[in-house]
Amino acid sequence: MKNKKILSKFDLTGKTAILTGASRGLGKAMALGLAQAGANIVITDVLDTKKTVKEIESLGVKAMGLKVDVTRKGDIDKMVKKTLQKFKKIDILVNNAGVYFPTPVKDVKEKDWDKIIGINLKGTMMCAQAVGKEMCKEKSGSIINIASVAGIMAFAQSAAYNTSKAAIIMLTKTLATEWASCGIRVNAICPGIFATDMTKGLLKDKGFQTMVKTKIPMARYAVPEELAGAALYLASDASSYTTGHALVVDGGWTVGL
Ligand SMILES: NC(=O)c1ccc[n+]([C@@H]2O[C@H](COP(=O)([O-])OP(=O)(O)OC[C@H]3O[C@@H](n4cnc5c(N)ncnc54)[C@H](O)[C@@H]3O)[C@@H](O)[C@H]2O)c1
């Protein structure tokens, strides 16, 4: 008979997870994955969250949707307050909200640089700070920051995005070092190419399709559901001795020749 004790380490029953930018795409896929493992979910986004919240509730867990812009301190404070009011504590935070728009460096406008760095990096820092303070009181928690392979490899015409994602990896290591004594683990995920609204333009491009086939050892891009397992591992006790790590999920892209 199989011993299923190891599976219980992945169980999130009774835990509460907040995900930013999660009404669609990778955030939504990770939220559904954590909900399937039993977590109650807070979906936050600048977009409407109702449809995603309904889908999550249909899995038999509790869910709440909140309009939160991760660049606004007032929104972040509201996110923490409302989550604590409804669920009493926060066990998991997934800093997923992010934007990408390609521009050659010589044409980058100050406002575009500030927007990408502001949402991707400062938003991640401000949400981690606000939620981390609460997790510290409980002496436990898992924070997952969504970086990118663009934080490891340099992509042309993506200076602000690459820089924001590389900085998220370093922020992750710094928070892991600072908060281990608080019982908080902080890890990053570096996705490769996933089919979402963010990449739909790129995925139609013939040159990009050839690149996927020739440069990625698995010769394909991924669907959002393929990120859920990595998020579940880092969110749960299955990764109880893992902190400060950047987990690459890229079909072998960054290790290929
Ligand atoms: N799709 C990929 O191939 C890929 C690869 C590597 C990393 N990522 C990262 O994954 C994350 C999710 O991206 P996605 O592919 O699902 O794209 P997406 O555009 O579908 O999702 C991004 C979400 O962030 C939200 N958002 C944007 N600005 C916000 C703000 N100020 N406050 C709160 N929410 C905001 C958007 O409304 C959207 O729901 C991003 O951080 C992205 O950089 C994606």
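Which polar side-chain atom lies 3.0 Å from an oxygen atom of the ligand? The atom belongs to Lys 165. The structure is a predicted model, in which local features need pLDDT of at least 70 and side-chain atom pairs count only at pLDDT 80 or more, while totals for chains, interfaces and linings use all residues. Residues are numbered from 1 along each chain as its sequence is written, and side-chain values use heavy atoms, with hydrogens and water left out.

An N or O atom in the side chain of Asp 45 is 2.6 Å from an oxygen atom of the ligand. For Tyr 161, the distance from a side-chain N or O atom to a ligand oxygen is 2.6 Å. On its own, the ligand has 820 Å² of accessible area, of which the protein covers 95%; such areas come from the Shrake-Rupley method with a 1.4 Å probe, and for residues only the protein chains shown count as cover.

Around the ligand there are 29 residues, and Arg 24, Asp 45, Asn 96, Tyr 161 and Thr 196 come nearest. A residue is near a molecule if one of its heavy atoms lies within 4 Å of it. This shell comprises 15 nonpolar, nine polar and five charged residues. In this division, Ala, Val, Leu, Ile, Met, Phe, Trp, Tyr, Cys and Pro count as nonpolar, Asp, Glu, Lys and Arg as charged, and the others, Gly among them, as polar.

The ligand sits in the largest pocket, in the sense that more than half of its atoms lie within 2 Å of the grid points of that pocket. On a 1 Å grid over the protein atoms alone, a pocket is an open set of points with protein on both sides within 12 Å along at least five of seven lines, whereas a cavity is a set where a 1.4 Å probe fits but cannot get out; lining residues have an atom within 4 Å of a point. Grid points are joined across faces, edges and corners, and a volume is the space filled by probe spheres set on the points.

The volume of the largest pocket is about 1,000 Å³. Its lining consists of 42 residues, with Gly 98, Val 99, Tyr 100, Tyr 161 and Met 198 nearest the centre. Helix H2 (25-36), H6 and helix H8 (206-215) each give two or more residues to this lining; helices (H or I, at least four residues) are DSSP runs, numbered from the N terminus. By class, 23 of the lining residues are nonpolar, 13 polar and six charged.

The second largest pocket has a volume of about 200 Å³. Among its 16 lining residues, Lys 15, Gly 141, Arg 185, Ala 235 and Asp 237 are the closest to its centre.

The structure also holds two cavities of 30 Å³ or more. The largest cavity contains about 60 Å³ of space, and its lining includes Phe 101, Asp 112, Trp 113 and Tyr 161. Seven of the residues in this lining are nonpolar, three polar and one charged. The second largest cavity contains about 30 Å³. Among the residues that line it are Thr 20, Asn 96 and Cys 127, and H5 supplies the largest share of its lining, four residues.

Methods
A polar contact is a pair of N or O atoms within 3.5 Å; within protein, one must be able to donate a hydrogen and the other to accept it, and residues adjacent in sequence count only if both atoms are side-chain atoms.
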